[in-house]
Amino acid sequence: MKEEINLQNLPHQLDESLRSRAAIGLVVLATDHVIENEFQKILNLQGVALYQSRIFNEPSVNTETLSAMESRLENSVKLILPGMPLDVVAFGCTSASMVIGPSRIHEICQKAKPGVRVTNPFTAALEALRTMEVSRIALLTPYRDDLNQQMRSNFEKEGIQVPAMASFNVEDDNRVGRIAPASIEAVALEIGMHSSVDGVFVACTNLRIAERVHFLEQKLGKPLTSSNHAMAWHSLSQAGISHSQAGWGRLFDRIP
């Protein structure tokens, strides 16, 4: 007769090796094709763990569909390691951050994870631009013009002027995620060259640009950041991670 092995109640130890330096929660739009990939590459640091949750959104990007995410955000944050703390929660939508408002997003995320630090692409962009001493940006987005004008207004209320702006004017978020990086780079270089601007911000977590920031800055001779690039940097900063990552552009030389 074959002897069976059935070991029970095995002794074991617990450790925090995956998240020994920071645990970062990322809320991703259901239609986002890009942010997870870019965050995983930027946050590829020993002891920094990234945990993701998706939030339902309509592919059509407008004020109504963006506002609708407000009521869904708390549950999406709660899905990230229930019962476990996080150091930072990053809400991955630039336009919704602007429409819902950073303070409201902070309030909702703290309700789901009391005491957690919170970031979003708009707040992160402001911090990034100020850190790089950029006050006049060229703004590149995929949004329709009413959202672009609202974003320009919000930046200007925060003391960041927007003398140059360009948009792909694509309302379908599934299409936005497929815009070729070469197309994004060409426009970023074109508007970034204007003498009226001292930096570039590429808005939208669904645009593929983060890996090309260093290259584009060398071409422009000016700082450049994007929604994912700035928010990954701000997430590390909020978590107290002072690691400077070569090859990710000027911003990553300035983590406090």
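Leu81 counts as partly exposed, because its relative accessibility is 28%. You'll find Leu81 in the loop between α3 (73–78) and β3 (88–92), and its phi is near 50°, a positive value in a residue other than glycine. Keep in mind that you're looking at a predicted model. Here's what else there is to spot.

**Other positive phi angles**

- Asn9 isn't a glycine either, yet its phi is positive, at about 50°.
- Look for Asn9 in the segment before β1 (22–29); with a relative accessibility of 78%, Asn9 counts as exposed.

**The whole chain**

- Counting up the secondary structure of the protein chain gives you 11 helices and 8 strands.
- The radius of gyration is 20 Å, close to the 18 Å that the globule rule gives for 256 residues, so the chain is as compact as a globular protein of that length.
- If you box in the C-alpha atoms along the principal axes, you need roughly 80 × 40 × 40 Å.
- How much of the chain is buried? Of its 256 residues, 53% count as buried.
- Take the contacts with a separation of 6 or more: 77% of them join residues 24 or more positions apart.
- The chain exposes about 11,900 Å², and 47% of that comes from carbon and sulfur atoms.

**Helix α10, one side in and one side out**

- Which residues of α10 (residues 213–220) are buried? They are Val213, Leu216, Glu217 and Leu220.
- Seen down the axis of α10, these buried residues fall within an arc of 100°, so they line one face of the helix.
- Here's the idea behind that pattern: an α-helix has 3.6 residues a turn, so residues three or four places apart point the same way.
- On the face turned away from the buried side of α10, you'll see the exposed residues Gln218 and Lys219.
- What covers the buried residues of α10? The cover includes α9 (181–192), β7 (199–202), β8 (224–226) and α11 (227–238).

**Arg136 and its neighbours**

- Arg136 sits in strand β5 (residues 136–141), and at 31% relative accessibility it counts as partly exposed.
- Leaving out residues up to four places away in sequence, Arg136 touches Gln161, Pro163, Ser195, Ser196, Val197, Asp198 and Gly199.
- The side chain of Arg136 reaches the backbone oxygen of Ser196, at 2.5 Å.

- Why don't Cys93 and Cys204 bond? The sulfur of Cys93 is 7.0 Å from the closest cysteine sulfur, the one in Cys204, and that's too far for a bond; a disulfide needs the pair of sulfur atoms to be within 2.5 Å.
- Start from Cys204 instead and you come back to Cys93: that's where its closest cysteine sulfur is, again 7.0 Å away.
- Are these cysteines buried or exposed? Cys93 counts as buried, with a relative accessibility of 4%, and Cys204 counts as buried as well, at 6%.

Key:
Residues are numbered from 1 along each chain as its sequence is written. This is a predicted model: local features need pLDDT of at least 70, side-chain atom pairs count only at pLDDT 80 or more; totals for chains, interfaces and linings use all residues. Side-chain values use heavy atoms; hydrogens and water are left out. Helices (H or I, at least four residues) and strands (E, at least two) are DSSP runs, numbered from the N terminus. Buried means under 20% relative accessible area, exposed over 50%, partly exposed in between (1.4 Å probe, protein chains only). Contact means heavy atoms within 4.5 Å. A polar contact is a pair of N or O atoms within 3.5 Å; within protein, one must be able to donate a hydrogen and the other to accept it, and residues adjacent in sequence count only if both atoms are side-chain atoms. The arc is that of the directions from the helix axis to the C-beta atoms. The radius of gyration is taken over C-alpha atoms; the globule rule is 2.2 Å times the number of residues to the power 0.38. Accessible areas come from the Shrake-Rupley method with a 1.4 Å probe; for residues, only the protein chains shown count as cover.
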